[in-house]
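Please open the model in your viewer and keep the selection tool at hand.

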Amino acid sequence: MTPRRTSLPLRTAAIPAAMALTTALAFLPTTATALGRDGHAAAAATADGPSLSYVVNTRPGQDPSRIRKAIAQAGGTVVVSYDRIGVIVVHSANPDFAKTVRKVRGVTSAGNTRTAPLPAQSTDDIDTPKLLSEKQRQAVAAKAKAGQDPLEPLQWDLPAIKADKAHEKSLGSPDVTVGVIDTGVDDTHPDLAPNFDRKASVNCVTGKPNTTDGAWRPSAEESPHGTHVAGEIAAAKNGIGVTGVAPGVKVSGIKVSTTGGFFYTEAVVCGFVWAAEHGVDVTNNSYYTDPWYFNCTTDPDQKALVEAVRRASSYAERRGVVNVAAAGNENYDLTSDTITDPSSPNDTTPGDREVDPSVCLDIPTQLPGVVTVASTGAKGLKSSFSNYGLGVIDIAAPGGDSTAYQKPEPPATSGLIYNTLPGGKYGYMAGTSMASPHVAGVAALIKSTHPHASAWQVKALLKAEADDLACPTPYDIDGDGTVDAVCEGGKRYNGFYGAGLADALDAVEK
């Protein structure tokens, strides 16, 4: 087992008591033949390379049967074709498959979605969520006020965005569903079961929807990440454990992560298309698309991945879905001239590369139309790990931070975010992964208040209702006398917090 290095696809920060992942994956290999520029057969295609997964993007109005024939002649096997957005998922062992198919009339781009062969590499756990003992849970429950769930005193993040005040007016509408595009959701958890939307849940790991009952759940060896995210959004206010930002809305599990935590393009495309077509109003995306932290549009393979996910997320937005995503956990300035990415490709052997973030995109968070969320800690400052950048960050929300940097007011004791874990458990995590679902929850409250609002209108309200946060000057989060990041912009809009801190109370009042 090869440990994953530096960055993880999930937006969960590598700080004390945060979490990471395990990884393992298996797909079926494929075989086949080659073709010429016009789609007619040329020489037989060799299949002497590793079997890889590809996306093939086509121009609108193309004859799918002709393109599929060309794919087969190039040595590819179609896994699924999303004709409404012109994206085809293919497996092939022909090392020249993408290069060959790019020459076919009607194909705009094509690229392999991974650098590891099928099955993929594996990684070890490097951390796990921090749990409370039963004795500690009972002590917390004894401090709960009237109207609070037993473990709500630990959730400093709810009053930070006025969610506790919002709940006095509205818990959100059961007609609104938030799709958690993630590692899977344990819908048997007692805080999630009352609000779980079975019809809007699916397993998209192969790129093709699998609606087998329970396929959206994480197995025992998989990351609990998606279950934690789901609880932050919509844990029921039922007197059992914790409370979500929007405890009256529905939540669905859209599983796109392999057994060990890789989020490949074909799965992410499937997730967005599924959400678009199954009544989802908001999606939460607390990950980056593997294996590249930044996908450079100057590279023909990575360009195809950007195009495929862009088409899928845009399709969802056109159908009324608000897509919310985590900004990332490396304290990167996403508007800088260059960034050193040490983590890509993370499914084989990563190495340092210099990228220009204006042409090398972190997807889906940097795609047009996606709400990009930065993280704040218990003191309301940018989390030590949170990425930032003027014109990139749209809004901020609590994602936690090291308690040593940002300690909450009592009765909360940890600067991390406390919420649901599989198997009826609860635990702490932190990262922009945890900030994004707070915004998704507020978006769900806005949609509940304004059921006929378009995706654009919900996004506009998110920003308009956010509480202004000025740049901290200087930003020295660890107090060592050295500036840790530079915030640009004014109080109403800046690179650390975008339009400000998400406001759940305004979401139900305005």
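A crossing of two helices is called left-handed if the near helix is turned anticlockwise from the far one by less than a right angle, and right-handed if clockwise. This is a predicted model, in which local features need pLDDT of at least 70, side-chain atom pairs count only at pLDDT 80 or more, and totals for chains, interfaces and linings use all residues. Residues are numbered from 1 along each chain as its sequence is written, and side-chain values use heavy atoms, with hydrogens and water left out.

Select residues 432–449, helix α9, together with residues 455–465, helix α10, whose axes lie 10 Å apart at an angle of about 115°. That makes α9 roughly perpendicular to α10 (65 to 115 degrees counts as roughly perpendicular, under 35 as roughly parallel), and α9 passes α10 in a right-handed crossing. Show the side chains next: Val439, Val442, Ala443, Ile446 and Lys447 in α9 meet Val458, Leu461, Leu462 and Glu465 in α10, where contact means heavy atoms within 4.5 Å.

Now move to helix α7, residues 265–277, and helix α8, residues 300–318, whose axes come within 8 Å and cross at roughly 10°. That makes α7 roughly parallel to α8, and their crossing is left-handed. Among the residues in this contact are Phe272 of α7 and Tyr315 of α8.

Finally, select Lys145, Gln148, Gln155, Pro159 and Asp164, which lie nearest the centre of the largest pocket, among its 28 lining residues. A pocket here is an open set of points on a 1 Å grid where a 1.4 Å probe fits, with protein on both sides within 12 Å along at least five of seven lines, and lining residues have an atom within 4 Å of a point.

Technical notes
Axes fitted to C-alpha atoms, helices over the stretch in contact; angles between N-to-C directions. Helix = DSSP H or I, 4+ residues; strand = E, 2+ residues; numbered from the N terminus. Parallel < 35°, antiparallel > 145°, perpendicular 65-115°, else oblique.
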